[in-house]
Amino acid sequence: LGMNQMNMLRYRATDENGLNQHYGWHEDTDWVNPKPTQRKLTMIIQLSDSDDYEGGELQFAKHKITEGHDFRGKGTVIIFPAPWTHRITPITKGVRRSIVAWVEGPPWR
């Protein structure tokens, strides 16, 4: 297992085309094009204060993790299985900044 990729993300209320930025439903594991290593865990580090933006919620399609969890707090680290279907809802005001990284390992069996 190891971490070999880390990205800084910035979602704005509107982009140059006037569209709200978001990330639609997806999984972070590529089941179609298997590689020597595959993503096992996703990690998101919140860089923005929760009052810096509106919208931009992390949501899971099949897993309900809400009670007792504040995914919006600055400095919050969220780690979840890469195969979980998730999204970031559209930003309606302000800017949401985060770092996302993945832990990889041998192909799923």
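1. A quick word on terms: helices (H or I, at least four residues) and strands (E, at least two) are DSSP runs, numbered from the N terminus. On that basis, the protein has eight strands and zero helices. Along the sequence, the pattern reads β-β-β-β-β-β-β-β.

2. Before going on, note that this is a predicted model: local features need pLDDT of at least 70, side-chain atom pairs count only at pLDDT 80 or more, and totals for chains, interfaces and linings use all residues. Residues are numbered from 1 along each chain as its sequence is written, and side-chain values use heavy atoms, with hydrogens and water left out.

3. Now the overall picture. Of the protein's 109 residues, 32% count as buried (under 20% relative accessible area; exposed is over 50%, partly exposed in between, with a 1.4 Å probe and protein chains only). Take the contacts (heavy atoms within 4.5 Å) with a separation of 6 or more: residues 24 or more positions apart account for 85% of them.

4. Have a look at the aromatic rings. The whole structure holds three aromatic pairs (rings of Phe, Tyr and Trp, its six-membered ring, with centres within 6.5 Å; planes under 30 degrees apart are stacked, over 60 edge-to-face, the rest tilted). F60 and F71 make an edge-to-face pair, because their planes sit at 80 degrees, with ring centres 6.3 Å apart. F60 is in strand β5 (residues 58-60) and F71 in the loop between β5 and β6, so this pair ties together parts 11 residues apart in sequence. F71 is buried, at 16% relative accessibility, and F60 is too, at 7%.

5. F60 has another partner: F80, with ring centres 4.9 Å apart and planes at 80 degrees, so that pair is edge-to-face as well. It links distant parts of the chain, with F60 in strand β5 and F80 in strand β6, 20 residues apart. Ring pairs link F60, F71, F80 and W84 into a cluster.

6. S48 is worth a click. It sits in the loop between β3 (38-46) and β4 (53-55) and is buried, at 3% relative accessibility. A polar atom of the S48 side chain lies 2.7 Å from the backbone nitrogen of R97. Leaving out residues up to four places away in sequence, S48 touches Y53, R72, G73, K74, V95, R96 and R97.

How values were computed
Polar contact = N/O pair within 3.5 Å; in protein donor to acceptor, adjacent residues only side chain to side chain.
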